[in-house]
Amino acid sequence: MKRLLLALVFAPSLAAAAEAGFPLDRSPSDPRDLVSLQSGARTFANYCEGCHGVQYLRYNRLEELGLNEGEIRDNLMFFADKVGETMKTVMPAKEAKTWFGVAPPDLSLVARSRGADWLYTYLRTFYRDSKTMTGWNNAVFPNVAMPHALWTLQGERALEVEEPKEGEGAGRPEYRWKELSKGTLTQVEYDALVRDLVNFLVYAGEPAATTRREIGIVALFVLGVVFIFAWLVKRNFWKDVK
Ligand code: HEC
């Protein structure tokens with residue numbers, strides 16, 4: 001009986017683990033950390049915007065991350081003249097399709113469709129693979145058409161996967177990373193850079209998220225005050241009816 005209960009409790013998590021393939025790391029991003037958001041925006045402009053846009057975000061909106069117009073112009077605007085423009089990519093979709101086989105998608109909503117944990121893992125698990133067109137592959141996006149845009153920072157790695165042996169039940173493959181060349185950042189620094197980049201992509205998916213939460217708290221407070229007055233009025237009205 002006890003066994004059966006245990007099996008029932010653990011069955012769903014085992015099934016989920018087997019389905020998920022490469023395990024996702026938890027993204028440590030914090031949407032209230034403005035310094036991290038600024039650094040993420042900088043990395044995006046330098047390493048991603050050549051291929052991807054975040055077309056619903058205007059450059060001047062980044063002022064809410066604590067940047068002034070001059071800083072936005074000097075550090076982030078490589079592809080636009082006016083701060084009122086949106087962060088589109090300059091890469092023509094048609095040519096991109098010929099080069100990569102797939103046009104690089106706009107990343108405005110990618111944090112919502114894939115989730116922060118997936119992005120944080122994806123951007124840290126590119127590896128060298130001579131069988132793909134770009135020479136790169138990815139642990140959570142097998143045969144991805146995107147080359148590793150941050151490889152000079154992370155360095156090159158190879159991935160060995162050992163499939164679980166038949167009949168052993170606990171069905172998770174083992175993953176082993178091998179360093180092929182060093183990047184300019186240490187692993188800790190690289191993880192921090194990706195954390196900031198993911199933070200920025202989450203922000204880009206819903207720039208109003210922080211203000212929305214603040215408005216919610218103010219609204220609850222106002223409702224609380226209204227409740228107290230309503231209750232006092234009610235007590236006053238009914239005090240003679242007993
Ligand atoms: C050289 C062009 C290029 C650069 C630079 C580039 N990407 Fe990509 N990216 C692509 C292509 C092409 C795809 C489509 C891959 C596919 O569908 O197989 C893609 C796909 C993605 C996806 C998956 C989208 C999805 O949900 O399917 C994410 C996330 C992403 N890129 C993020 C980034 C980030 C962040 C950077 C900057 C560090 C970056 N990319 C730089 C070309 C590029």
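A molecule sits in a pocket if more than half of its atoms lie within 2 Å of the pocket's grid points. In this predicted model, the ligand sits in the largest pocket.

## The iron site

The ligand carries an iron atom, and the protein gives it two donors: NE2 of His52 and SD of Met146. These atoms lie 2.0 to 2.1 Å from the iron. What arrangement do the six donor atoms form around the iron atom? It is octahedral, because the angles they subtend run from 87 to 178°. Ideal angles for six octahedral donors are 90 or 180 degrees.

His52 belongs to the loop between α2 (34–47) and β1 (54–58). Met146 belongs to the loop between β4 (136–138) and α7 (151–154). The pair therefore ties together parts that are 94 residues apart in sequence.

Is His52 buried or exposed? His52 counts as buried, because its relative accessibility is 10% and the cut-off for buried is under 20%. Met146 has a relative accessible area of 21%, so it is partly exposed.

## The shell around the ligand

There are 22 residues around the ligand. Which of them come nearest? They are Cys48, Cys51, His52, Arg114 and Met146. Two helices, α5 (110–114) and α6 (116–122), each supply at least two residues of this shell.

| Residue | Protein atom | Ligand atom | Distance |
|---|---|---|---|
| His52 | polar side-chain atom | nitrogen | 2.8 Å |
| Arg114 | polar side-chain atom | oxygen | 2.8 Å |
| Ala145 | backbone N or O atom | oxygen | 2.9 Å |

For Ala145, the atom concerned is a backbone N or O.

## Loop residues

Thr89 lies in the loop between β2 (86–87) and α4 (93–100). Where does Thr89 stand relative to His52? The two are 37 residues apart along the chain, and their C-alpha atoms are separated by 5.3 Å. Thr89 counts as partly exposed, because its relative accessibility is 24%.

Asn143 lies in the loop between β4 and α7, the loop that also holds Met146. Asn143 is not a glycine, yet its phi is positive, at about 55°. With a relative accessible area of 58%, Asn143 is exposed.

Arg124 sits in the loop between α6 and β3 (126–128). Which side chain does Arg124 contact? Its partner is Asp191, through a polar contact of 2.9 Å between the two side chains. Arg124 counts as buried, because its relative accessibility is 12%.

Tyr127 is part of strand β3. Its relative accessible area is 15%, so Tyr127 is buried. Tyr127 and His148 are 21 residues apart in sequence, with 8.0 Å from C-alpha to C-alpha.

Tyr203 is found in helix α8 (residues 187–205). Tyr203 is buried too, with a relative accessible area of 8%. Tyr203 and Ser108 are 95 residues apart along the chain, and 9.1 Å separates their C-alpha atoms.

Conventions
Residues are numbered from 1 along each chain as its sequence is written. This is a predicted model: local features need pLDDT of at least 70, side-chain atom pairs count only at pLDDT 80 or more; totals for chains, interfaces and linings use all residues. Side-chain values use heavy atoms; hydrogens and water are left out. Donors are N, O and S atoms within 2.8 Å of the metal (3.2 Å for Na, K and Ca); water is not among the atoms, so sites may look incomplete. Four donors count as tetrahedral if all angles lie between 85 and 135 degrees; four count as square planar and six as octahedral if opposite donors are over 155 degrees apart and all others between 65 and 115; anything else is irregular. Helices (H or I, at least four residues) and strands (E, at least two) are DSSP runs, numbered from the N terminus. Buried means under 20% relative accessible area, exposed over 50%, partly exposed in between (1.4 Å probe, protein chains only). A residue is near a molecule or strand if one of its heavy atoms lies within 4 Å of it. A polar contact is a pair of N or O atoms within 3.5 Å; within protein, one must be able to donate a hydrogen and the other to accept it, and residues adjacent in sequence count only if both atoms are side-chain atoms. On a 1 Å grid over the protein atoms alone, a cavity is a set of points where a 1.4 Å probe fits but cannot get out, and a pocket is an open set with protein on both sides within 12 Å along at least five of seven lines; lining residues have an atom within 4 Å of a point.
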